[in-house]
Amino acid sequence: MLFIMAFLACPSGSKDSDSGSGGCGGAPAITNYNIECNGGSCEWWVEADAPMGNVVMTAAQTGDPAGSCGPKGDVNECGEWQETHDAFSVDGSVGACGERKAISLNVETDFRNQTDNQSTLFDTELGELTVLIEIYDTNGDFSDCLVFGDEPGYFSADCTNVDN
């Protein structure tokens with residue numbers, strides 16, 4: 001009976017804890033993400049194939065072909081903007097095992113008004129934006145990451161999983 005219950009918890013084709021990388025009871029792996037902006041606010045969300053602990057999203061203004069420097073806090077030595085948000089909350093379940101976490105941020109037009117976990121300078125105009133998403137398991141251990149956007153190499157020291 002216990003075997004049948006475990007089988008029902010993870011549908012066919014899902015990873016299980018024996019695989020060591022995601023699925024029911026395993027370390028979560030990123031399966032999807034998106035940015036949805038509407039009326040002066042944006043919702044950033046990430047989905048994983050297992051319950052997540054903390055989610056950290058770092059967004060950086062990149063795209064300067066002459067720039068080769070990396071992050072140095074809020075504004076790096078090239079003068080590019082960077083912000084980090086880590087107040088994601090559960091926004092639903094995904095399949096039998098996973099979940100979605102999201103954060104809603106007001107869009108600011110002046111960098112002096114931007115506050116991490118409350119607002120962002122970035123909306124759907126992603127031309128010079130590069131994003132690093134890092135997820136942790138429910139024990140607080142690093143589990144997975146993903147980089148997408150204009151200049152994935154900007155975060156190459158932090159994550160090599162790139163979504164082109």
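Trainee: With which side chain does the side chain of H85 make a polar contact?
Mentor: This is a predicted model. Start with the place: H85 lies in strand β4. From there, its side chain makes a polar contact, at 3.0 Å, with the side chain of E83.

Trainee: Is H85 buried or exposed?
Mentor: Look at its surroundings. Leaving aside neighbours within four places in sequence, H85 is in contact with residues including V55, M57, I103, L105 and D116. Buried means under 20% relative accessible area. H85 has a relative accessible area of 0%, so H85 is buried.

Trainee: How do β8 and β9 run, parallel or antiparallel?
Mentor: Strand β8 covers residues 129-136, and seven bridges join it to β9. The two form a hairpin with five residues between them. In the turn, G140 has a positive phi of about 95°. The two strands run antiparallel.

Trainee: And β9 with β10, parallel or antiparallel?
Mentor: Strand β10 spans residues 162-163, and two bridges join β9 to it. F148 stands opposite D163 in β10. β9 and β10 run parallel.

Trainee: Which residue in β10 does V147 stand opposite?
Mentor: V147 is in β9, and L132 stands opposite it. That is one pairing. In β10, V147 stands opposite V162.

Trainee: How many of the eight residues of β9 are buried?
Mentor: Strand β9 covers residues 142-149.

Trainee: How many residues has the largest nonpolar core?
Mentor: Nonpolar side chains tend to be buried together in soluble globular proteins. Here, W44, V55, M57, V131, I133, I135 and F148 have the most contacts inside the core. The largest core has 22 residues.

Trainee: How many residues has the other core, which lies apart?
Mentor: Its members include A60, C145, F155 and C159. The count for this core is seven.

Definitions and conventions. Residues are numbered from 1 along each chain as its sequence is written. This is a predicted model: local features need pLDDT of at least 70, side-chain atom pairs count only at pLDDT 80 or more; totals for chains, interfaces and linings use all residues. Side-chain values use heavy atoms; hydrogens and water are left out. Buried means under 20% relative accessible area, exposed over 50%, partly exposed in between (1.4 Å probe, protein chains only). Helices (H or I, at least four residues) and strands (E, at least two) are DSSP runs, numbered from the N terminus. Two strands pair if DSSP finds at least two bridges between them. A nonpolar core is a set of buried Ala, Val, Leu, Ile, Met, Phe, Trp, Tyr and Cys residues joined through side-chain atoms within 4.5 Å. A polar contact is a pair of N or O atoms within 3.5 Å; within protein, one must be able to donate a hydrogen and the other to accept it, and residues adjacent in sequence count only if both atoms are side-chain atoms. Contact means heavy atoms within 4.5 Å.
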